[in-house]
Amino acid sequence: MKTFTYESAETVDDALGRLAAAPDSALLGGGTNLVDLMKLGAAQPSSLIDISRLPLGQIEVEDDGSLRVGAAVTNSDLAADPVVRSRYPVLSHAVLSGASGQLRNMATTGGNLFQRTRCVYFMDASKPCNKRDPGSGCPAIAGENRNHAIFGASNECVATHPSDMAVALTALDAVVDIVGPHGAHRMPILELYRLPGRHPEIDTNIGHGDIVTGIEIPALPDGTVSAYRKVRDRASYAFALASVAAVLRVEDGQVTDARIALGGVAHKPWRAITAEGELLGRSATHGAFREAIDLELQAAEPLRDNAFKIPLVRNLVTETLTELALGSR
C-alpha cells in the first residue's frame, strides 16, 4: 500500500479546506470500499480526510413530506429506519441486499454512492484497465465479461456500477445535496453518474473539491408501491448480475406512474426511460410489462458471455411489476 497521511475533519468547511489543499486526497467515511482498493493498489491517494465525525448522521422528514438522509447515516440505520421501511420499501430492500450486516454497520450513505466497480481487471493493479490507468486498454471486452454491461458501454470500458442503494435512489428521483468551493448546490441523481464514453476513469459529475452532505427523496403519492429485486450468484454478499428497483402507481387498472431502474447492467444505475414511457396509460398487465421492457432491451448490446442478462432482465422486471400491480389493488 502506498504511504498516505490521515487527517480528521471536524466541520464541513474544515473538510473542504483540507480537500482544496491536497488535490490527490480522498474522503474517508466508513472506508468499506476505499480501504480495500488501497490495499489492492487500485486506489493510491496521498491523503485520507476522515469525514465520519461530521454532523451528517440524521434522517429527517421535511415539511413537504420528502425525506432527507444525511451522508453519514450508516446503511444499517437507513435500512432500519421506520419511515424508509414504510414509505420507501424499495430503498430498504436494496440496502439490505448489499454486502453483509457488519459492512452495512460501517458503510455510509454518502460513501455508498461513490463505490467503484468490482470489475476484476480494475481491482487487479497488475492488469491494464482504462478506468484505473487511462489509455491502457479494457481487457474485459475480450476477456472475463460475464458480469459486465449490456447498456451504455464503450470501447474504453464495459464495467458495471456496483451499488444497490443507488439503483433504488434512481427510481425514487432522489436529489443529492453538495457543498463545494463555490457554495452549496443540488444535483438530481440521474445527473450524478456518467457513462464511460472516452473517459471511464471519471465515474460521476462531482468535482474533487465537492462533498455530498445528504440525499433528498421526494414524497411518493398515495397508492404508490415499490420493490427491489436482485439476482446474484449467491444468496448473500454478492453483487448483482441484474437487479431492478421499481416504483409503480396504478389507478382503475391503468398505470399512472412507472419508474424502473436497473442495476448490474451498465456503468451507472440504468433508468429504463423507454419502458417507463411505454407503460404510462396502459393496463397494468403482465403482457404490457413484458412488452415495455422488451422495448428497453432493444438497446442492449451484450458481450460474449453476458447475453443471458437480456432474458434475465426481461423476466425480472416483468415479474416484479406484475407483483407490484397485484399488490396495489
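In this predicted model, H286, F289, R290, I293, D294 and L297 of helix 12 contact helix 13 (heavy atoms within 4.5 Å). Their partners in helix 13 are I310, V313, R314, N315, V317, T318, E319, L321, T322 and A325. By class, the contact comprises 8 nonpolar, 4 polar and 4 charged residues. Helices are DSSP runs of H or I with at least four residues, strands runs of E with at least two, both numbered from the N terminus. Axes are lines fitted to C-alpha atoms, for helices over the stretch in contact, with angles from 0 to 180 degrees between N-to-C directions. The crossing is right-handed, the near helix being turned clockwise from the far one by less than a right angle.

Local features need pLDDT of at least 70 and side-chain atom pairs 80 or more, whereas totals for chains, interfaces and linings use all residues. Residues are numbered from 1 along each chain, and side-chain values use heavy atoms, without hydrogens or water.

An open sheet of 5 strands runs in the order 4-5-8-6-7, with antiparallel pairing. Pairing requires at least two DSSP bridges between strands. Strand 4 (59-61) and strand 7 (183-188) form the edges. Neighbouring strands are turned by 25° on average, direction ignored. Strand 5 (residues 67-70) pairs with strand 8 (residues 211-217) over 4 bridges. L67 has I217 as its bridge partner.

The whole structure contains 0 disulfides (cysteine sulfur atoms within 2.5 Å). For C138, the nearest cysteine sulfur is that of C157, 5.4 Å away.

Methods
Nonpolar A, V, L, I, M, F, W, Y, C, P; charged D, E, K, R; others polar.
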